[in-house]
Every structure is written in C-alpha cells, then in structure tokens.
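Trainee: I have a new structure open and would like to learn how to read it. Could you walk me through it?

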Amino acid sequence: GSFECWSAAIGGVLEYAGIVGFLGNASEARDEGDAEAGEWEQFLQLLEEQFCGRPFTISDLTKKLGERMAPTFGGGLELSEAAEELRRAMPGYLAEVADRQGFFQRRAGKLFAEHCGRRFGETQVHIRRDGISHHAQLWSVGSNEVAGGVKGELRGS
C-alpha cells in the first residue's frame, strides 16, 4: 500500500543523475489534497441534505444556488438561506464561477465526473452518476453512514 521503497529507489537514481528534489513538495501536495478533500466532503454532505438523497441534475443545483427569498425591506430579493449555505460550501474553483451561467454548468459537470466515486472523510460521502433524465445526467450523493450509526449505502427513492 505504500511507495517508500519505490520512491527511495527512484529518488536515488534521479539524484545520481544530477536531478535533486524528487518528491520535495510531497507534504505541500498532501496538505493541498487534504484541504480539497475537506471542501468536497462538506459540499457533498450539504448536497445530500439539500436534495434529500434524491438524484439531481446540474440544472437543479443551479436553481438551488439562485433561490431567492421574499422581498426585503429595501425591495431587493436576497438569496435564500439554503442558496447561501450551498455557495459557502462549494469548493473554491466551483464557487468562483457560481454566477456565470453556462460556464458553471460545464465546470460542475466536469468536476462531478472527475470526483465520481471518490470517497471523502469518515462518512465516505461521494457523488455518483444516477442515470439520465431528459438528456441530462442525474447525480446523487451517497455515504456509508446513516442515522443511528448503521453502515450502508444511502439511495434516494
């Protein structure tokens, strides 16, 4: 399960060849990966909650991100609490395009596909493909933890 022997051998060969610093940034890369994993874990848990475990499309997510509340005192429409919460939980490189129609949908679809099946955190929360509806990819979020601590796969009905 580990690559210590391999990395030591390759590092030795590279050092002998005059190339130093093999895997010199490994701890920084690991720290960056941990931060990204934490963002995805939080975001996916919130998606699971927001969609009540049911499948959803990127279009459904876009609608949730744009939900507005009743007019405020000043007459404007503020984002709903659910929309604000989702926006705060989104990984940074997705949040930065949240208000760019079209671009957000493409980036979200690409990122969901890249992270499909990858499990995050103790709950092992993950995104998965869940069929096609009206020519759009359905996504769902699952985890290995359900209420009461019983392990199993959550599926929307």
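Mentor: Gladly! Let's begin with K110 and E114, which both lie in helix α6, four residues apart, or about one turn of the helix. Keep in mind that this is a predicted model.

Trainee: How do K110 and E114 pair, and how far apart are the closest N and O atoms?

Mentor: First the general idea: side chains of opposite charge can pair when their charged atoms come close. Here, K110 and E114 form a salt bridge, with 4.0 Å between the closest N and O atoms.

Trainee: Is K110 buried or exposed?

Mentor: K110 has a relative accessible area of 55%, so this residue is exposed.

Trainee: How many salt bridges does the count come to?

Mentor: The count comes to three salt bridges. One of them joins R107 and E96, whose side chains meet at 3.0 Å, N to O. That pair links distant parts of the chain: R107 sits in helix α6, while E96 is in the loop between α5 and α6, 11 residues apart.

Trainee: And how accessible is R107?

Mentor: R107 has 23% relative accessibility, so R107 counts as partly exposed. E96, by contrast, is exposed, at 58% relative accessible area.

Trainee: Which residue forms a salt bridge with R87?

Mentor: That is D99, and the closest N and O atoms of the two are 2.9 Å apart. R87 belongs to helix α4 and D99 to the loop between α5 (92-95) and α6 (103-115), so the pair ties together parts that are 12 residues apart in sequence. D99 is exposed, with a relative accessible area of 60%.

Trainee: Let's turn to helices. At what angle do α3 and α4 pack?

Mentor: In general, two packed helices are described by the angle between their axes and the distance between the axes. In this model, α3 (residues 58-65) and α4 (residues 81-89) pack at about 115°, their axes lying 8 Å apart. That makes α3 roughly perpendicular to α4.

Trainee: Which residues make the contact?

Mentor: From α3 come L61, K64 and L65, and from α4 come A83, L86 and R87. Four of the residues in this contact are nonpolar, two are charged and none is polar.

Trainee: Finally, where does I132 lie?

Mentor: I132 lies in strand β3 (residues 126-133). With 59% relative accessibility, I132 counts as exposed. Setting aside neighbours within four places in sequence, I132 is in contact with Q137 and L138. The C-alpha atoms of I132 and T57 are separated by 8.9 Å, with the two residues 75 apart along the chain.

Note on methods:
Residues are numbered from 1 along each chain as its sequence is written. This is a predicted model: local features need pLDDT of at least 70, side-chain atom pairs count only at pLDDT 80 or more; totals for chains, interfaces and linings use all residues. Side-chain values use heavy atoms; hydrogens and water are left out. Axes are lines fitted to C-alpha atoms, for helices over the stretch in contact, and angles run from 0 to 180 degrees between N-to-C directions. Helices (H or I, at least four residues) and strands (E, at least two) are DSSP runs, numbered from the N terminus. Angles under 35 degrees count as roughly parallel, over 145 as roughly antiparallel, 65 to 115 as roughly perpendicular and the rest as oblique. Contact means heavy atoms within 4.5 Å. Ala, Val, Leu, Ile, Met, Phe, Trp, Tyr, Cys and Pro count as nonpolar, Asp, Glu, Lys and Arg as charged, and the others, Gly among them, as polar. Buried means under 20% relative accessible area, exposed over 50%, partly exposed in between (1.4 Å probe, protein chains only).
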